[in-house]
Amino acid sequence: MNAAGNWVALKTIVRREVHRILRIWGQTLVPPAITMTLYFVIFGKMIGSRIGQMDGLPYIDFIVPGLIMMSVIQNSYGNIVSSFFGSKFQRFVEEMLVAPTPNWVILTGYVLGAVTRGLMVGAIVLIVAMCFTSLKLQHPLITLVTLLLTSVVFAFAGFINAMYAKKFDDIAIVPTFVLTPLTYLGGVFYSVSLLPPFWQGVSHFNPILYMVNAFRYGLLGVSDVGIGTAMGLMLVFALVLGAFSMHLLQRGTGLRS
Amino acid sequence: MSTAALEVADLRKTYDNGVEALKGISLSVAQGDFFALLGPNGAGKSTLIGSICTLVTPSSGSIRIFGHDLAREREAALGCVGVVPQELNFNQFERPFDIIVNQAGFYGIARAEAKVRAEKYLRQLSLWDKAFTISRTLSGGMKRRLMIARAIVHEPRLLILDEPTAGVDIEIRRSMWQFVSEINRAGTTVVLTTHYLEEAEQLCRNIAIVDKGLIVENTSMRTLLSQLDRETFVLDLAAPCQQIPDSVGVHLRRLDENTLEVDVPKGTALNQLFADLSAGGIQVRSLRNKSNRLEELFLNLVERSQGAAA
């Protein structure tokens, strides 16, 4: 197809993804709002008032970036993994596979859908946070780039998961046993400087630590890691996972026999 | 000579589990043809169709669609093909209108034009009143028609129908065939697989029979049917017949007291048959040709192929 045809195909995939997010809003947009409200009430207000300050900030302010990132990560990943696996399971992925839509258009369309949901949920959580505290954005560009890169990284990761998945259990294992522990241990609720040196070292192998801290730097101006390192790592992750996703799609892993 | 609509050359496919589904299939479908691809279950038909629409990756061989090599010019080749698969493969939670418009989008057709075409084809397939209902709620026949509308929204030059009427009642089957015949008359090449052999006999001009991954027959329908050396007629009797009189000179089979069946060598005048029946006191009210001709040939060819393999 020519460039105009590819553009139409890309818009079709993105529109279908966004339509799906809005159609099942009770599953996609409402749960993060409720969960994060509970986090802010319990950890921010009730427990946070007794914790005092973290890295020189009120505790509720400190956890806002981490909670936004947690939502973005979970929703970017969750959107693409359930949507793409669903299309495999119901076999309507074949609609695209038998058409002249190039693989890069399919991948880009699904990733943009996942990023859209990540950003929508991120915005919802930010609005919820504003009900509990007031924040002054420190570095808008870093905030935006971190948000987008994180969302893209986990969209690719979710896509890879969906490509390999053969049953619904396969799309639940990674979020439950990998993503959730890494997120909770990625400095969402605490500064890694509070940990003993050994565990501080271990924490630096957790990629989510860099994402949460880069975002916290953008939003609040404080971070446990170097921003350049964090940005570089996110970019590398995005490129590697993106290339691998494309490789799987070209090979037709789990799609073509 | 014009380019073939579909040219398959020495196509082989061995799956990862070792099953050799295609063992060197070669066939050619001319532009504008209505082509039947028949074979028993597991013969390799779906693997062949899957290879043509890239859902199956062949182990070797080549496929050309209107001259475009599928391996090297994938997008140009696929742009010419529309597929109606055997299994339902649309999003059951989407509305038929959206399914059709999205499918057009995957072929690069702008949304405004896609909407016009979606309405046109949903109307032609009598689905317009269901266009905005959730497709999960459609009946089996409607779902089949929806897949036809989806397959033709980009107005393909080659339409492949993989058992599109499986489980569909006769009225809907007839209306579907009428629609597909009209498309074919308008110039679209049609490749059909079906287990309803009388449909293939009525609709198709050329035929290939596949068995165990090989083509066992590839000829025109007329040539194939001319191989039959006899015809079978069903006779509805004016009065019940309890026993067939010995005096009747032809071999009759009694299906029930009001119906007989008779095999007549091809080319034989029927006057003698009626004379013999009259002489035996059998009064015939009506006569019809038993439409199992292709079925008989099909079974012979498959049995011969299986006998050769054994």
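Buried residues make up 47% of the 257 residues in chain A. The model is predicted.

**Secondary structure of chain A**
- Chain A contains eleven helices and two strands.
- Read from the N terminus, the order of elements is α-α-α-β-β-α-α-α-α-α-α-α-α.

**Dimensions and packing of chain A**
- The C-alpha trace of chain A spans about 60 × 35 × 35 Å along its principal axes.
- Of the contacts in chain A between residues at least 6 apart in sequence, 82% join residues at least 24 apart; two residues count as in contact if their C-beta atoms, placed from the backbone, lie within 7 Å.

**Contact between chain A and chain B**
- Chain A and chain B each put 23 residues into the contact.
- On the side of chain B that touches chain A, the elements giving two or more residues are helix H2 (74–78) and helix H3 (96–106) of chain B.
- H3(B) gives the most to this side of chain B, with four residues.
- By class, the side of chain B that touches chain A holds eleven nonpolar and ten polar residues, together with two charged residues.

Note on methods: Residues numbered from 1 in each chain as written. Chains lettered and ligands numbered in written order. Predicted model: local features only at pLDDT ≥ 70, side-chain atom pairs only at ≥ 80, totals over all residues. Nonpolar A, V, L, I, M, F, W, Y, C, P; charged D, E, K, R; others polar. Buried ≥ 20, exposed ≤ 12 C-beta atoms within 10 Å, placed from the backbone.
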